[in-house]
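Work through the exercises below with the model open. Each task is followed by a stepwise solution.

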Amino acid sequence: MEGVLSGFAVIAIVIAVGYGLGRRGTLGEQGIDVLTRLAFTVAGPALLFTTLAKADLSVLFSSRLLVTALSTAAVAGVFTAIGVLRRWGAGRTTIGALCSGYVNSGNLGIPIAAYVLGDASLVAPVLLFQVVLVTPVALTILDLSGTGEKGTPWQRLLTPLRNPIALGSLSGVVVSAAGLRVPGPVLEPLTLIGNMSVPAALLTFGMSLHGGAALDRGRDRQLVLLSVALKSLGQPAVAWALARGVFGLHGAPLLDVVVTSALPAAQNLFTYASRYRVAESLARESILLSTVVSVPVLVGVAAVLG
């Protein structure tokens, strides 16, 4: 319980600072763009590389990962199917699908895993799955939807390798899988740079809230409500059903997968939306609302299953 409240308190404070910066115009008109570029092209890739280079990749074969993967695919699939039927467009549908199933496994998931579940490493399968598979696939779709039919098939195949976030993730996995040890003079500067990623993303998110509508009354309103419902209620429900009914998990393992599935949408999704200039209000509002809704959901899950 304390871990849930502590995690949200940290996020709320940093976002509030960002909102104050945006309201006062401290960083100027280009402040959001600069922080977005910093998080997307430099700090984010560095954080993902240093995290995954030291990760135990055996978690990729755990039943918890399968529950995470299947529950993510289920809710993202529902949003995608509706998006295709309603013709929301590839970019908007991709961002909405991410907001429906991409959890905040880093700056919120880690403290909750440490203080609620008793082991911070329990969030590692979710983090690995999202940065190794979900992120490259989603960003590739966003890249291709922006370039249309331009480029050769070979260039399209190499799209993930041209994306800094995907490149940082995949490089870290390769280093870990090969059993390599990154030298200290290389690892320490990357770690220092990577430490800017989370605060930069949160500050950007907070700055974006200044002057923004609470909830768009147009088509974004439907997309936001759908993504929040899928993220905050649908994904933990699917995770519980799969973990209990298919994989036979009980006790602590069951609590682990349901709690991680009930985490809100990750703040870095707004960074992606800003980077590609697509569905920015959808990402911002979905993250905000899912964060608010996830508080009672996480508390309820911890109370019932804990």
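**Exercise 1. Which residues does Thr-36 touch, leaving out residues up to four places away in sequence?**

Solution. 
- Step 1. Apply the contact rule: heavy atoms within 4.5 Å.
- Step 2. List the partners: Thr-204, Thr-271, Ser-274 and Arg-275.
- Step 3. Thr-36 sits in helix H2, residues 31-53. Helices (H or I, at least four residues) and strands (E, at least two) are DSSP runs, numbered from the N terminus.
- Step 4. Check its cover. Thr-36 is buried, at 5% relative accessible area. Buried means under 20%, exposed over 50%, and partly exposed in between, with a 1.4 Å probe and protein chains only.
- Step 5. Look at its side chain. A polar atom there lies 2.8 Å from the backbone oxygen of Ile-32.

This is a predicted model: local features need pLDDT of at least 70, side-chain atom pairs count only at pLDDT 80 or more, and totals for chains, interfaces and linings use all residues. Residues are numbered from 1 along each chain as its sequence is written, and side-chain values use heavy atoms, with hydrogens and water left out.

**Exercise 2. Which side chain makes a polar contact with that of Thr-135?**

Solution. 
- Step 1. Set the rule. A polar contact is a pair of N or O atoms within 3.5 Å; within protein, one must be able to donate a hydrogen and the other to accept it, and residues adjacent in sequence count only if both atoms are side-chain atoms.
- Step 2. Find the partner. The side chain of Tyr-102 meets that of Thr-135 at 2.9 Å.
- Step 3. Thr-135 belongs to helix H6 and is buried, at 1% relative accessibility.
- Step 4. Widen the view. Beyond neighbours within four places in sequence, Thr-135 contacts Tyr-102, Gln-130, Ile-165 and Tyr-272.

**Exercise 3. Which residues have the most contacts inside the largest nonpolar core?**

Solution. 
- Step 1. Define the set: buried Ala, Val, Leu, Ile, Met, Phe, Trp, Tyr and Cys residues joined through side-chain atoms within 4.5 Å.
- Step 2. The largest core holds 72 residues, and Ile-95, Tyr-102 and Leu-269 have the most contacts inside it.
- Step 3. Find the main contributor. H6 gives the largest share of this core, 9 residues.
- Step 4. Follow Leu-269. With neighbours within four places set aside, Leu-269 contacts Leu-98, Cys-99, Tyr-102, Ala-283 and Ile-287.
- Step 5. Inspect the helix H13. Of its 9 residues, 7 are buried. Among them are Leu-269, Phe-270 and Tyr-272.

**Exercise 4. How many salt bridges are there, by the stated rule?**

Solution. 
- Step 1. Use the cut-off: a side-chain nitrogen of Lys or Arg within 4 Å of a carboxyl oxygen of Asp or Glu.
- Step 2. Count. The total is 2.
- Step 3. Take one pair. Asp-33 and Arg-277 meet at 3.8 Å, N to O. Asp-33 lies in helix H2 and Arg-277 in the loop between helices H13 (268-276) and H14 (280-305), so the pair ties together parts 244 residues apart in sequence. Asp-33 is partly exposed at 26%, and Arg-277 is exposed at 57%.
- Step 4. Take the other pair. The closest N and O atoms of Arg-64 and Asp-256 are 3.1 Å apart. Arg-64 is in helix H3 (residues 63-86) and Asp-256 in helix H12 (residues 251-261), so this bridge links parts 192 residues apart in sequence. Arg-64 is partly exposed at 24%, whereas Asp-256 is buried at 6%.

**Exercise 5. How many helices and strands does the protein chain have?**

Solution. 
- Step 1. Count the elements: 14 helices and 0 strands.
- Step 2. Of 306 residues, 49% count as buried.
- Step 3. Check the contact range. Among contacts between residues at least 6 apart in sequence, 83% join residues at least 24 apart.
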